[in-house]
Amino acid sequence: MAPVLEEYVPGMIWLCSYGVKYFAAKLDARMTVIRLRDGRLLLHSPCEITPEMAQEIKALGEVAFIIGPSNFHYLHVPSAQETFPDAKTYICPGIEKKRPDLRYDALLGDEAPQDWADELDQVPVRGSRWMWEVAFFHRASQTLILVDLIENITDATPRVNWVLKLWWKGLFRMWNKALPAPEYRMGWKDKAAAKASLRRILAWDFKRIILAHGDLVERDARQVAENAWASVLGK
């Protein structure tokens, strides 16, 4: 089945789940589309923009910004750029080293750019050896937007294959547990820096969490996040 956009927060946020393969494991990832107050759109962690997907997105408004939020979530940025050539591209630090050929307008930092500073907050998550990502907070909907900082794959998660189940159940023990990606859990090199980043995120007043892989977090979101990051926060 072709990926489709689904409205998540009425008039503000749309989501699109699409299949990905990581080595032999198959699961879904998620693109988030945010409509800013002026009607312009921000594509966060875009999927491949097929003609059909482009039509769905254009029906919502003008795409002004394309976001590569982590050094593991940038693959389809060029597809979005080709489809929406007038959009500015912002990427997480680290992507430019993995993909020096990728065109971008600016790196994401500690302060949100003027383009969305009135509506979205952001925090680069520091302290990891292998993974870097920038967390976002959409104030109007009280939504925290992550990619791999929390993964939530459960019995209810659709379209995961037996390899993913084997890894998550037997190797990583992450099945039915909302936790950071294995690359985070095995790769914290500076827990003090990581803790400072996570504390900044927890200062936001979020009620739900959008994440790239697994089930959305729509209840007890703050407690879920605190539990997921307990090993870094020292709880």
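Two strands count as paired if DSSP finds at least two bridges between them. With that in hand, here are some questions about this predicted model.

Q: What is the order of the strands in the open sheet of seven strands?
A: The pairing in this open sheet is mixed. Strand 1 (6-9) and strand 7 (106-107) are its edge strands, each pairing on one side only. Read across the sheet, the order is 1-2-3-4-5-6-7.

Q: Over how many bridges do strand 2 and strand 3 pair?
A: Strand 2 and strand 3 run in the antiparallel sense where they pair. Within this arrangement, Tyr22 stands opposite Ala25 of strand 3. The number of bridges between the two strands is 10.

Q: Which element supplies the largest share of the lining of the largest pocket?
A: The largest pocket holds about 740 Å³ of space. Its lining has 37 residues, and Val20, Tyr22, Phe72, His73 and His213 are the closest to its centre. Elements that each give at least two lining residues include strand 3 (25-35), helix 1 (51-58) and helix 4 (162-171). The largest share, five residues, comes from strand 2.

Q: How many residues in the lining of the largest pocket are nonpolar?
A: The lining also has seven polar and seven charged residues. The nonpolar ones number 23.

Q: What is the angle between the planes of Tyr184 and Trp188?
A: A pair of aromatic rings is described by the distance of the centres and the angle of the planes. Tyr184 and Trp188 are both buried, and their ring centres lie 5.1 Å apart. Planes under 30 degrees apart count as stacked, and this pair is stacked, with an angle of 20°.

Q: Which ring has Arg222 over its face?
A: A charge counts as sitting over a ring only if it is within 6 Å of the ring centre, among other conditions. Arg222 lies at 4.7 Å from the centre of its ring. That ring belongs to Phe206.

Q: Is Arg159 buried or exposed?
A: Most residues other than glycine have a negative phi. Arg159 has a positive phi, near 60°, and is found in the loop between strand 10 (143-145) and helix 4. Its relative accessible area is 51%, and the cut-off for this class is over 50%, so Arg159 is exposed.

Q: What is the relative accessible area of Asn176?
A: Asn176, in the loop between helix 4 and helix 5, also has a positive phi, of about 60°. Asn176 is partly exposed, with a relative accessible area of 40%.

Technical notes: Residues numbered from 1 in each chain as written. Predicted model: local features only at pLDDT ≥ 70, side-chain atom pairs only at ≥ 80, totals over all residues. Heavy atoms only, no water. 1 Å grid on protein atoms, 1.4 Å probe; cavity = no way out; pocket = protein on both sides within 12 Å on 5 of 7 lines; lining within 4 Å. Points joined across faces, edges and corners; volume = space filled by probe spheres on them. Helix = DSSP H or I, 4+ residues; strand = E, 2+ residues; numbered from the N terminus. Nonpolar A, V, L, I, M, F, W, Y, C, P; charged D, E, K, R; others polar. Phe/Tyr/Trp six-rings, centres within 6.5 Å; stacked < 30°, edge-to-face > 60°. Buried < 20%, exposed > 50% of the residue type's maximum accessible area, 1.4 Å probe, protein only. Lys NZ or Arg CZ within 6 Å of the ring centre and 35° of its normal.
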